[in-house]
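Morning, everyone. I have one structure to walk through today. Please bring it up on the screen.

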Amino acid sequence: MKIPKVPRCLSPNVYPEVPEGGWGWAVAVAFFMVEVNTYGVLKTLGVFLEDLMREFKETNSRVSWVISISVFVFAFTAPLASMLSNRFGCRPVVMMGGFLMSLGMISSAFINGINEMYISIGIISGFGFCLAFLPTVTILAQYFSRRRALVTSIASSGESFAMFAFAPAFTRLKEVIGWRYCLVVLGVMQASVIGFGILLRPIRIESELVKEDSDSDSLSLKQIQSDYELENEQTRTSLSSAISQGSGDSGVTSLSTSDEDLGNAETEAKALMRWGDQDKEILEKSASMPPSAPPSTPPSPVKEELDVELSEGEACPLQPSTPKLLDFSMLKDGAFIWYSLFGLFATLGFFAPQLYIIELSKSQGVEPSMASYMLSVMAVAEIFGRFSIGVVLNKVHCKKTHVLLGCVILMSLVLVAFTIVWEFWGLLVCCALYGFFMGTVGSTHIPLLAEVEVVGIQKLPSCVGVYVFIQSFAGLAGPPLGGVLVDVTQNYGAAFYSCAAGMGLSAVCLALVGVAKSGVCQRMNRNKNRSKNTEEEKNISQDSNPLDFLEVDLVENSSVKQAEDNRSVI
């Protein structure tokens with residue numbers, strides 16, 4: 001049965017090392033558009049808040065639950081999105097996400113109640129947001145290493161551009177065609193994610209050692225076989241010399257011992273021949289398989305027998321390890337736990353300020369017509385923040401988590417400052433500073449999972465879903481918690497105090513990531529030293545083993561010579 005060939009445009013990109021560009025720039029463009037159609041659309045839905053309240057005669061809190069449910073489903077289904085992308089690949093998962101978010105947005109234009117919008121935008125579109133966003137940011141991080149922070153920051157600015165452009169555009173458009181047709185326009189725009197998902201070609205890093213390993217397998221097998229043949233020839237030579245000297249008991253002992261060793265050597269040589277034939281068949285099968293299919297290497301009983309007899313210093317072929325579908329074992333890693341808690345508390349300050357800044361400005365004496373500019377200032381400042389943090393992280397030589405920690409501390413201070421200032425310009429400066437630091441934190445907290453001081457690039461595809469899943473609870477509780485505090489205190493500043501408290505706790509958790517990681521590294525070094533000591537003890541015990549059959553033959557030959565010399569003297 002002939003296996004069909006996979007087109008090159010759909011096959012993985014194979015590089016000897018992280019390319020730092022190449023097809024990664026196309027993936028960066030795709031991620032920019034995904035940001036526009038996910039977070040950008042979510043932050044623009046506030047434009048239709050009053051229209052929905054008027055249409056369905058609902059309160060502000062009930063309508064705001066549409067965004068809260070969508071954000072919660074967005075983050076809560078992250079483990080499922082991570083598992084699906086590891087199982088089926090990033091491209092089909094992102095294309096399915098584009099279809100679902102478009103379906104939910106378009107169907108919400110034909111609903112007759114707010115409860116139906118909870119399902120259409122809250123659940124269907126929210127799940128589509130997750131399927132589109134998470135695999136895209138994961139595969140983008142794999143195409144870059146040194147410039148990962150810079151490229152991710154630039155590509156993630158699509159959210160800010162969308163918030164800056166969509167808010168005034170749809171405010172005017174809804175006056176012409178109505179809010180329902182505006183949702184249809186948004187849904188059609190989100191369908192473009194299906195096309196951009198095709199650009200997400202998977203990447204495979206194969207070092208030159210791995211590439212040359214398959215070519216050198218046959219040569220190494222031939223070398224081992226020739227070594228055994230040479231050893232057998234030397235054994236036969238020692239046997240013939242011992243027999244020709246005509247020794248009595250010594251000759252019989254040497255002959256019987258060498259016969260057994262010859263039988264073992266021939267058995268090993270035959271086993272090596274069978275092993276070589278099996279490896280050739282496996283290599284031929286893997287060469288005929290498509291690149292996307294995982295290599296299948298069934299265990300060989302002959303190889304298992306030889307593994308016991310071959311020395312530990314011989315190199316075995318390297319086999320690529322397949323990532324787990326979902327790695328909950330990372331919850332045992334102290335550094336990952338503290339970093340997840342950082343993301344949990346930081347999410348409290350991600351969404352509430354955008355919801356309450358206009359009402360806070362009105363309560364502090366700012367005219368309603370001028371209060372609407374606060375969101376625009378946040379969006380522009382966030383773009384600069386995303387660009388700046390990418391450049392800074394690309395230049396610094398310290399740990400990147402330390403830079404992120406400084407941004408989180410400054411962001412918590414700005415949130416406290418919102419409740420102190422009273423004038424228009426003071427609030428405008430706070431909005432600019434908040435947008436800047438929001439851009440620095442929001443664009444880097446997920447890509448920094450790939451850094452060595454957190455979990456590393458190898459475990460990123462499996463643990464990013466768990467990380468975003470933990471964040472989902474804060475995304476659901478953040479806006480309602482701020483609303484409860486506002487209702488109790490009758491002060492919109494209370495919502496900003498809760499956000500500042502959450503950012504302060506996140507700074508403490510982020511500072512403990514390095515402490516936990518250093519403890520893990522120390523334990524790993526101790527385990528390596530223990531394994532090294534056990535290997536040395538094993539080598540010493542092997543050195544003290546009896547001599548092999550070649551040395552036995554040489555000893556027997558020397559004893560035969562001594563016996564002949566004694567006879568001649570007598």
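Let me begin with α5 and its cover. Helices here are DSSP runs of H or I, at least four residues, numbered from the N terminus.

A word on the source. This is a predicted model: local features need pLDDT of at least 70, side-chain atom pairs count only at pLDDT 80 or more, and totals for chains, interfaces and linings use all residues. Residues are numbered from 1 along each chain as its sequence is written, and side-chain values use heavy atoms, without hydrogens and water.

Which residues of α5 are buried? In α5 (residues 78–88), they are Ala 78, Pro 79, Ala 81, Ser 82 and Ser 85. Viewed down the axis of α5, the buried residues fall within an arc of 165°, so they line one face of the helix. That arc is taken from the directions from the helix axis to the C-beta atoms. Arg 87 and Phe 88, on the other side of α5, are exposed. Buried is under 20% relative accessible area, exposed over 50%, with a 1.4 Å probe and protein chains only. Just after α5, Gly 89 has a positive phi of about 100°.

Now the cysteines. How many disulfides are found? Zero, in a search of the whole structure. The cut-off is a pair of cysteine sulfur atoms within 2.5 Å. Cys 182 counts as buried because its relative accessibility is 0%. Cys 407 counts as buried at 10%.

Note on methods:
Helices (H or I, at least four residues) and strands (E, at least two) are DSSP runs, numbered from the N terminus.
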